[in-house]
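Morning, everyone. Please bring the structure up on the screen, and I'll walk you through it.

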Amino acid sequence: MTPVDRFERDLPNLLAELIVPTAAGDLTDALDRIAGVRQRPAWTLLERWLPMDAPFSGRVAPAMRPAWPIIALLVLAAMAGAILLVGSRQQRLPAPYGPSANGAILYSANGDIYIADANGGNSRVLIGGEGVDHAPVLANDGTRFVFFREVSTDHFALLGAKVDGTEIQQLARSDVAQPSWVDWSPDGSELLVAHVAEGRRVASIVSTDGSQAMRRLAVGDLEPEVPMWRPPDGREIVFQGRTADRVSLYVTGVDGSAVRAVTPVKDGLGLYLGPRLSPDGRRVTYWHNQIVNTADYPEGQKSEIHVLDLETGDDIRIGYDTEFWQELLPKFSPDGAAVLFVRKKFIPFASGASLTIAAADGSDGPGRKIDSGPLHDFGTDTGGMENPVFEFSPDGRKIIVAMGPQRRLLVIDVATGAVEQGDYGEFPFWQRIAP
């Protein structure tokens, strides 16, 4: 309960007590209760409002009765304003999209949810106990997160909590089978969840207060992957859609209306992989994984990064380096100006993977390498960084990576490539806070 909530709850009783003169100690206690701060401001001390040079009997003289309600109301009004001011400062939130300040890092490890400082250090259990918990996903405003608690093989309960690990509640009324993606709506009231139902991939909308039953996104025969609310208002949803062996990127209304393909519908499931929206909702980045001529590419396949303008339909390839054969797993920077991705040679004959950043408009050609080498084992026979997880920090200046067989967490400085090593864990997610 916030100080403002406490004040609103106690106000009727406090006003009622003003009708009868109150003992100094009682008023002090009341002020203490509604102040809601560890150290009382000087203006809440009773000595600042009552003449203390004369003996005080604990009752106000009859002649002073009319002034007491006025004085006390002034006290309460001043305190209410201060509480509202403090509350507004404490509750200042970042915009749902775009750059913000770096808060804590949440991740899962050993069946528990952990929290660490912004540099990856000082890790501690946030939600522990007997339940096996996975994959915390923070809201855009940084105040809450959702996670999955294992119920049985491939079935999970979808739970929500405040960022301090309190107020845990179940959001979906039934278990979720094989969940693969979660995205918060811009206002934080709903989630998009990709999962399996009745033997096929589906996307469902879940209320974040647990008040409504989970409802299916109606997109016909399409099987949606990576469904995302389109910024800035979330009135549309963007997803990769499949029917049999044909695939494209689609945009639809929240109710499933006006479904339309925004890329050519093609055969082959290695197309339009891992779409991610820009913070302004205008562009989407994705990658192809295509079969190619083995005479030119010994690995037998080729991956490339694309950026598509959803308004104009312009589709460009970015970050292309002729010395490498794989560019994959793109993510927009918080300001939308750049795209982060993995670049490597090929599987399984060589290592040499690295994180690369390139301009989203393709203006800097192949872009530049970020890290100084910690990803070099990605995709090799020895394990290395298979299925890497990496994301920009909210301010765009750092990157967090979960890598290696034991999923070592690394925090990498974008400008210098300096690496800070954190704990071991999976699914790291960075909290957005107001600057």
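I'll take the sheets, then a hairpin, then a loop residue, then the core.

One caution before we start: this is a predicted model.

Start with the open sheet in the order E3-E2-E1-E29. It has four strands, and the pairing is antiparallel. Which strands stand at the edges? They are E3, residues 124-127, and E29, residues 426-433. Each has a single partner strand, so one side of each is left without a neighbour in the sheet. From one strand to the next, the twist averages 35°.

E1 pairs with E29 over five bridges, in the antiparallel sense.

E19 and E20 run antiparallel and are joined by four bridges. Val307 has its bridge partner in E20, namely Ile316.

Is E4, residues 133-138, mostly covered or mostly open? Mostly covered: five of its six residues are buried. E4 runs antiparallel to E5, residues 144-152, and four bridges join them. Leu138 has Phe145 in E5 as its bridge partner. Five residues lie between the two strands, and in this hairpin Gly142 takes a positive phi near 75°.

Now a loop residue, Thr166. Thr166 sits between strand E6, 155-162, and strand E7, 169-170. Its relative accessible area is 35%, so Thr166 counts as partly exposed. Where does the chain bring Thr166 and Ile127? They are 39 residues apart along the chain, yet their C-alpha atoms are separated by 8.6 Å.

Last stop, the largest nonpolar core. How many residues does it have? The count is 26. Those with the most contacts inside it are Val339, Leu340, Leu355, Ile370, Phe390, Ile399 and Val401. Several strands give two or more residues to this core, among them E19, E21, E23 and E27. E22, residues 338-344, is also one of these strands. Which element gives the largest share? That is E22, with five residues.

Terms used. Residues are numbered from 1 along each chain as its sequence is written. This is a predicted model: local features need pLDDT of at least 70, side-chain atom pairs count only at pLDDT 80 or more; totals for chains, interfaces and linings use all residues. Side-chain values use heavy atoms; hydrogens and water are left out. A nonpolar core is a set of buried Ala, Val, Leu, Ile, Met, Phe, Trp, Tyr and Cys residues joined through side-chain atoms within 4.5 Å. Buried means under 20% relative accessible area, exposed over 50%, partly exposed in between (1.4 Å probe, protein chains only). Two strands pair if DSSP finds at least two bridges between them. Axes are lines fitted to C-alpha atoms, for helices over the stretch in contact, and angles run from 0 to 180 degrees between N-to-C directions.
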